[in-house]
Amino acid sequence: QFHQLLMNLCTNAVQAMAGRGRLTISFTEERQVPAAERQGVEDGGHGFLRLVVSDTGCGMDEATVQRIFEPFFTTKPLGEGTGLGLAVVHGIVLNHGGAVSVRSEADRGTEFVVVFPAVSAEGDDGGGAEDPPATGRGGRVLLVDDDAATLRIEKELLESLGYVVLAATDGTEALQLLEKAATEIDILVTDQMMPGLTGLEVAAQAGKIRPGLPVVLCTGYGSALLPEDCETFGVRGVLLKPFGRVELARIMGEALAGNQPERNGP
C-alpha cells in the first residue's frame, strides 16, 4: 500500500510537469513536525516518519487544492483520468493513522507531505496478519484496470500468490482477450470505475462469452454497488481499495471455491 501511495503521488507530479521539471522525494524520521502537517496525529513516543513528494509543475489554485482528495474530482480532460488516485492516497494514509497535506501555487509547483507516527521495532515478532501462502496453483486470472501503476501492483500480488495473470488496460481489451481464451480463464478481476466500460459492464459481457465465470470487483466505493447487481453479473467478491496480499488471497479463494471451470489442455 505504501508503494501504491508513492506511485500515485509521483504519477500525479510527473503529469503536472508535462515531461519537463524536477520531481523530489524525501523520507525522514523527525522528532517533531509542524501542527499543520500533523493534523492531530499523535506522537506515540517515537516521533514521526515524514514523506515529501514535490514537483515544479503547473501547480493548483486554492479552490482546486480544497477539493484535491475528493473521489472522482479531476482536472484532467474526459477519458484521461478518473480522479481516484489522490482519493486512494488519502485512504491509505488514514488507514495507517497518518495525515496528508498539500501546498501548491499556480505555475510554481506542488508539495505533498505525508506524516505517520513512528513505532518501535523492539520486541517485534512479526505479528499481525499472517502472510498467506502461494495458493493460486496456476489458476488463470484475467485482470483489468485502466491505471497502469495499479495494474502492475495487482498483477505482482496475484503472481506472488501463484496465479497466472493476463492483464488488460480497459474493458474492451479484456473482452477481446476473453473471446480468444474463454475456456482458459478461471476468474475475472476487474476495476469498477474505468473510462468506457465499467467493471459491472465488463462482467455482464464476460458472462455472455463464458457463462458462470466468477468475477471479483475492485472498487474504492463499495457502498455504490447494489447487491442485486453483483449477483446478476456473477460478482462473487468485492475488494475495497486499497487492499493487501492477505485480503486478496482470501477473496480470490472464496470466489473460486467449488468453481474450477473446464479448460482445454492440461
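User: In which strand is Leu23 found?

Analyst: This is a predicted model, in which local features need pLDDT of at least 70, side-chain atom pairs count only at pLDDT 80 or more, and totals for chains, interfaces and linings use all residues. Residues are numbered from 1 along each chain as its sequence is written, and side-chain values use heavy atoms, with hydrogens and water left out. Strands are DSSP runs of E with at least two residues, and helices are runs of H or I with at least four, numbered from the N terminus. Leu23 belongs to the run of residues 23-30, strand β1.

User: Is Leu23 buried, partly exposed or exposed?

Analyst: Buried means under 20% relative accessible area and exposed over 50%, with partly exposed in between (1.4 Å probe, protein chains only). The relative accessibility of Leu23 is 32%, so Leu23 counts as partly exposed.

User: Which residues does Met252 touch, not counting residues up to four places away in sequence?

Analyst: A contact means heavy atoms within 4.5 Å. With residues up to four places away in sequence not counted, Met252 touches Val141, Leu158, Tyr163, Ile187, Val189 and Val216.

User: Why does Thr190 count as buried?

Analyst: Thr190 is found in strand β7, residues 187-191. Leaving out residues up to four places away in sequence, Thr190 touches Val144, Gly199, Val215, Val216, Leu217 and Cys218. Thr190 counts as buried because its relative accessibility is 0%.

User: How many disulfides does the count come to?

Analyst: A disulfide is a pair of cysteine sulfur atoms within 2.5 Å. Cys10 is buried, with a relative accessible area of 12%, and Cys218 is buried, with a relative accessible area of 1%. By the distance rule, the number of disulfides is zero.

User: What percentage of the 266 residues counts as buried?

Analyst: The protein has nine helices and nine strands. Of its 266 residues, the part that counts as buried is 42%.
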